[in-house]
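This report covers chain architecture, chain contact, helix packing and nonpolar cores. The sequence and structure come first.

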Amino acid sequence: MKSAMSTAVALPPVLDITAAGPLASEFLRVRGKDVSVDASKVERVGAQCIQVLLSAVATWTLDGMEFDLANPSAALVEGLEIAGLEPANLVARNA
Amino acid sequence: MDTMAAIKQTFFQECEEQLAELETGLLAIESEEHDPDTINAVFRAVHSIKGGAGAFGLEELVRFAHTFETTLDLVRGGQIQPDAGLLKLMLRSSDILADLVRYSRDGGEMDESRVAQIHDELTRAANLDAAPAAKPAAPAPAAFEPVGAFDAGSADDDFVPITISFDDILGDGGEASSAEQIYVVSFRPKPELYAKANDAIKLLREIRALGNADVACDISDVPLLTELDPEGAYLSWTIRLGADVTEAQVREVFEFVEFDCDVSVTAEPKVDPDFEFVPAPIDETRQAMPLPVDDGPIIPEAVLAKIAQVNADPAKAPPAAAAVQAQPAQQAQTTIRVDLDRVDRLIDLVGELVINQSMLSQRVTEAGIARLSEVAVGLDDLEQLTREIQDSVMAIRAQPVRPIFQRMSRVIREVADMVGKSVRLVTEGENCEVDKTVIERLADPLTHMIRNAVDHGLEKPEDRIKAGKPEQGVVRMTAAHRSGRVIIEVSDDGAGINRARVKEIAVKRGVIEPGVPLSDSEIDDLIFAPGFSTASTVSDVSGRGVGMDVVKRSIQALGGRISISSKPGQGTTFTLSLPLTLAVLDGMVVTVAGQTLVVPLTAIVETLQPKGPEVHGLGERAKVIAIRGSFIPLIDVGYKLGYRHDEADPLNSVAIMVESENRVQSALMVDGIIGQQQVVIKSLETNYGQVFGVAAATILGDGRVAVILDVDAIVAGNRS
């Protein structure tokens, strides 16, 4: 559930290896807050950005904070599926 | 050059490498000096060419490579035994592939009928497998006779050619056949995989394209954000793949990343196709978060029904499992591709450095600094270092002669086919390294020599049998380093030179006067005379308007020498002696009429001071010197080159005995000898123009330009 208090993080369209570093920094920046990740713009996703997202989910789970994936684009869903994952893997509901 | 063109150029460069690899592998298999990896390497070469060609839309190339690859795959899988007939076909296919690559690169008209013919033969060879493939469980090589496939006459009556398309290989999930096999692929990327711009997702996608894949992702290694290296590799996958492909085809997906990931592919034993499908369990020990994915429409029901339930744990796999990374035999060599211009520029600069260093050391000597002073000692070290740098830089340009030898094996195949002879090429010393330019410029002369050896050197099969020789002729090519030069020999075990005939033709063509007494070696040397050709009919093979005189000139232009020796009934040997590099030369620095000249050391036999009784006049101007019972012409270099108008007194000169081609000795008269020195060659032709008697120029330690003598030209000029 998106709470009114959650911080919005928008994923860029291209989540390739060059996007992984900035994405990790972005999540570290908002750590400790509930976040809602807007995944509607994603056009391409690579394994390393999936790693960052999974790591963020694990971190949020540990922190007991909420991590929500909103409006995952078809490209993201397909990328996750290829990797044997699904959007539910990118969600942490602890609140 | 735009990016695409640059990538394409790289592709063609890689093609050349792959083609060489392909041919090496096939020849190794032919000579039975191969290990199981050889066939894999051969397959990979063709596969890579196909892959690249596909990316550039080179359809013809893709089509041929694909058929070739299919046949190779069957050989690799043991369904076809590589017998002599098949190997011959494969070598010819590699020639066609090479041609297609070159036509794709340079344009031009390809002989389509030849491509089609080989293509058909390959298809037929591949088709043989269609029969055993239909009986899924037993790939039994003994069950059929592959030899028959290459015998068009006996092509079996019930044999129906089938066109093999991509779909047959890549597998269309919708048409699951009884040949479907379950593979368990375990895939763990290393960070290097990502760093090289590969992505696990892309590879997984390719795996899925092979058939029906159940992908399970292990995310247990993903750390918390604070410990995460965003460019690290934490995910690993276990994929259960049901596909109508070979294990090798599954491994191919990882072909370009095999060193950047841990991957294993395990084929599970085939099961009854009617076996009911049960979703594969995920191994709990490896799955912190087991996440089987429903592939939805990607897996048709028909296929699902055929995927059997087998344990997903690769550790319990049958021993047939092969790990992709297991390629210990081939040590990975790290190389980079460098533009040749850059290397040449470096060589030029090092050349300048050598000159500068010797100038500096001369200045130091002139300044009267003691030999044992620290400056002089430091300079000695610098000199040594400069030499080492120069040698190392030269080594960059040095390349093994292997590629050119390989090219010759193709020439032999083609010529032998054309003239109906059976020929075996034996090569030795392919790893011998020579300057790249030397290698490149050797291609034409060597091709011509090889053609001659097969066409003229070797007898016809029936004549060989009559002479008590094996029907198959042998052409031998060897390379070896000998005293700073590379010696390449091309020999055949044919009948040797028919000297009576050579002499007769030489007389007929006016090369020599009738009745001139000639030694055997002099007669042999007539072959190099301009316009000489012993073939009574200009054949398609060696009679291309190029005679051995042109071969000789090309070798000479490289600073090399060529000689011939022949034994009746035993064969003929051509020996090439070539410089290792065209950039530096060891020379004798001499003075002539106040000028400093350099005589290439390789031409010099000895030096001596003529004494009165040894020098004799001959005719109006010519002089000879008597040495050890023979008379050798004395050539006044200063007069010949126009440095002075009157000939020098031989008694006040130094005679440098030189040996030119044909082992003819002459004595060059110079005023004095300064010493021996390695000089950097600067082309005179590029910077100025051709000058009689001058091969090139160099810059000496004192900064002055000195010309390097073209000994052969001076000697030849003296005779005419």
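A crossing is called left-handed if the near helix is turned anticlockwise from the far one by less than a right angle, and right-handed if clockwise. The model described here is predicted. In it, H4(B) passes H5(B) in a left-handed crossing. The helices concerned are H4 (residues 84-106) and H5 (residues 112-127) of chain B, whose axes lie 10 Å apart at an angle of about 140°. H4(B) is therefore oblique to H5(B). On the H4(B) side the contact is made by Leu86(B), Leu89(B), Arg92(B), Ser93(B) and Ile96(B). These meet Arg114(B), Val115(B), Ile118(B), Glu121(B), Leu122(B) and Ala125(B) of H5(B). Sorted by class, the contact of H4(B) with H5(B) holds seven nonpolar, one polar and three charged residues.

A second pair in chain B is formed by helix H1 (residues 3-30) and helix H2 (residues 36-55), which pack at about 155° with axes 8 Å apart. Angles over 145 degrees count as roughly antiparallel, so H1(B) is roughly antiparallel to H2(B). The crossing of H1(B) past H2(B) is left-handed. From H1(B), the residues in contact include Phe11(B), Cys15(B), Leu22(B), Gly25(B) and Ile29(B). Their counterparts in H2(B) include Ile39(B), Val42(B), Ala45(B), Val46(B) and Gly52(B). The contact of H1(B) with H2(B) has 12 nonpolar, five polar and two charged residues.

Chain A contains three helices and five strands, arranged along the sequence as β-β-α-β-β-α-β-α. Of its 95 residues, 46% are buried. Among contacts in chain A with a separation of 6 or more, 88% join residues 24 or more positions apart.

How many residues of chain A are in contact with chain B? The count is 27, and they are in contact with 23 residues of chain B. Two or more residues of the chain A side come from each of helix H1 (17-29), helix H2 (47-63) and helix H3 (74-82) of chain A. H2(A) gives the most, with 10 residues. The chain A side comprises 15 nonpolar, nine polar and three charged residues.

## Nonpolar cores

The largest nonpolar core has 82 residues. Those with the most contacts inside it are Met408(B), Ile412(B), Ile450(B), Val454(B), Val599(B), Leu668(B) and Ile681(B). Helix H15 (residues 436-457) of chain B supplies the largest share of this core, eight residues. Neighbours within four places in sequence aside, Ile681(B) is in contact with Leu582(B), Ala583(B), Val584(B), Leu585(B), Ala696(B), Thr698(B) and Ile708(B).

Another core, of 67 residues, lies apart from the largest one. Its members include Val42(A), Cys49(A), Phe67(A) and Leu241(B).

His481(B) is located in strand S9 (residues 473-482) of chain B. Is His481(B) buried, exposed or partly exposed? A residue is buried with 20 or more other C-beta atoms within 10 Å and exposed with 12 or fewer. His481(B) has 13 within 10 Å, so His481(B) is partly exposed.

Not counting residues up to four places away in sequence, His481(B) touches Cys432(B) and Val486(B). The C-alpha atoms of His481(B) and Ser577(B) are separated by 9.4 Å, with the two residues 96 residues apart along the chain.

Methods:
Residues are numbered from 1 along each chain as its sequence is written. Chains are lettered from A and ligands numbered from 1 in the order in which they are written. This is a predicted model: local features need pLDDT of at least 70, side-chain atom pairs count only at pLDDT 80 or more; totals for chains, interfaces and linings use all residues. Two residues are in contact if their C-beta atoms, placed from the backbone, lie within 7 Å. Helices (H or I, at least four residues) and strands (E, at least two) are DSSP runs, numbered from the N terminus. Ala, Val, Leu, Ile, Met, Phe, Trp, Tyr, Cys and Pro count as nonpolar, Asp, Glu, Lys and Arg as charged, and the others, Gly among them, as polar. Axes are lines fitted to C-alpha atoms, for helices over the stretch in contact, and angles run from 0 to 180 degrees between N-to-C directions. Angles under 35 degrees count as roughly parallel, over 145 as roughly antiparallel, 65 to 115 as roughly perpendicular and the rest as oblique. A nonpolar core is a set of buried Ala, Val, Leu, Ile, Met, Phe, Trp, Tyr and Cys residues joined through C-beta atoms within 7 Å.
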